[in-house]
Amino acid sequence: VTITTRLLVSHLSGIRHYEKDIAKVKEEKEKANRALKSTKPHQDKEQREGKGIEKTDSAKPRKEHDGETRSRNSKPGKRDKEFEQEEYYLKEKFESVIESLKIFKNDPLFFKPGDQFLYSTYGFTLLSAVVERAAGQKFTDYMLKMFRDLDMLSTVLDDNEAMIYNRARCYVYNKKGRLVNAPYVDNSYKWAGGGFLSSVGDLLKFGNALLYSYQAGQFKSSAGKLLPGYLKPGTVSMMWTPVPKTEVSWDRDGKYAMAWAVVEKQQQCGCCRQQRHYASHTGGAVGASSVLLILPEELGPGAGGAPPRGVIVTIVCNMQSVSLNSTALKIAREFDREKRAQ
């Protein structure tokens, strides 16, 4: 078979996630689909124009999207089955992303690449190895340079040995529903899928850089003073375009694109429910949850002013299995509504 970088970034590669048993993966998918269908009538009632709430869930300050499907209805003290997977709690130190491939490189693919969608943190581990070979330098060095370019000076590797100022303690609920410190883990086996620490300020800078890049081509340059975006507008547009055969189990309106969940603009009939275009990503790590949501402003051709224009919301929480995406979307819509009313 052939696995391309595009398949990896859209989770169509067939590479496993933390669960090694394909039968259990299929069973969980069926349960999630049934749960989504059962909530549809209730969502239809809530998601009318002006009160829409696209459902999503869990999150990640360590840049990971693990377990959001099942954490939507999680309550304090409720165990999240996703985090019962042993590989979440690896303590082995890996010196390179190439070395960490040994965890899954001999495991069978769950399906032919391109045929189905399966979120895979290990797919992103392989993607980081591709970046490392293409860049000719360590993946971590390459990423830290990019963070410096984006002025994200608080975004660093989640290295247990390093002295990191203002590093938050992480928490989980134990079996008795009591809040306890999260267990020690070493995330060097998955830098790309869950190995960075960041702050709300840095994630907002990241969102602004993407939104600026996305909109840069839509603005008239005033005397050539408009600087180019960090990425080309077409690149971000491609990243935020839904990919066929993908799914977003935590948002029935969304599809997966390239490393982002995307909801497209849509209104089927006049005076009916409107669906705004936005991009988001959530995830969960051991003891942590977060979300980054970007709601671009709808611009006409040759818009005046300067980018970025829209609303960016990020929430970082140092507790495991916390549902945050719907909250972020409510906040974004509230700011957007206020801005349009001015």
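Tutor: A residue counts as exposed when its relative accessible area is over 50%, as buried when it is under 20%, and as partly exposed in between. The model is a predicted one. By that cut-off Val1 is exposed, because its relative accessible area is 78%. Val1 lies in the segment before helix 1 (5-9), and together with Ile3 and Leu109 it makes a nonpolar surface patch of about 270 Å².

Now the charged pairs. Side chains of opposite charge can pair when their charged atoms come close. The structure holds 16 salt bridges.

One of them joins Glu92 and Lys102, with 3.3 Å between the closest N and O atoms. This pair links distant parts of the chain, 10 residues apart. Glu92 belongs to the loop between helix 2 (22-46) and helix 3 (97-100), while Lys102 belongs to the loop between helix 3 and helix 4 (121-135). Glu92 has a relative accessible area of 38%, so it is partly exposed. Lys102 is also partly exposed, at 44%.

A further salt bridge is made by Asp159 and Lys93, at 3.5 Å from N to O. Here too the pair links distant parts of the chain, and the two residues are 66 residues apart. Asp159 is in the loop between strand 1 (156-157) and strand 2 (171-173), whereas Lys93 is in the loop between helix 2 and helix 3. Asp159 is partly exposed, with a relative accessible area of 21%. For Lys93 the value is 34%, which means that this residue is partly exposed.

The pair of Glu334 and Arg337 lies within one helix, helix 9 (residues 325-341). Their closest N and O atoms are 2.9 Å apart in a salt bridge. The two residues are separated by about one helical turn because they are three residues apart in that helix. Glu334 is partly exposed, with 45% relative accessibility, and Arg337 is partly exposed, with a relative accessible area of 34%.

Some salt bridges are joined into a network, whose members are Lys265, Arg276, Glu298, Asp336 and Arg340.

To go back over the pairs: Glu92 with Lys102 links distant parts of the chain, and so does Asp159 with Lys93, whereas Glu334 and Arg337 are both in helix 9.

Definitions and conventions
Residues are numbered from 1 along each chain as its sequence is written. This is a predicted model: local features need pLDDT of at least 70, side-chain atom pairs count only at pLDDT 80 or more; totals for chains, interfaces and linings use all residues. Side-chain values use heavy atoms; hydrogens and water are left out. A salt bridge is a side-chain nitrogen of Lys or Arg within 4 Å of a carboxyl oxygen of Asp or Glu. Helices (H or I, at least four residues) and strands (E, at least two) are DSSP runs, numbered from the N terminus. Buried means under 20% relative accessible area, exposed over 50%, partly exposed in between (1.4 Å probe, protein chains only). Patches are made of residues with over 30% relative accessible area and no salt bridge: like charges are joined within 9 Å, nonpolar side chains (Val, Leu, Ile, Met, Phe, Trp, Tyr) within 5 Å. Accessible areas come from the Shrake-Rupley method with a 1.4 Å probe; for residues, only the protein chains shown count as cover.
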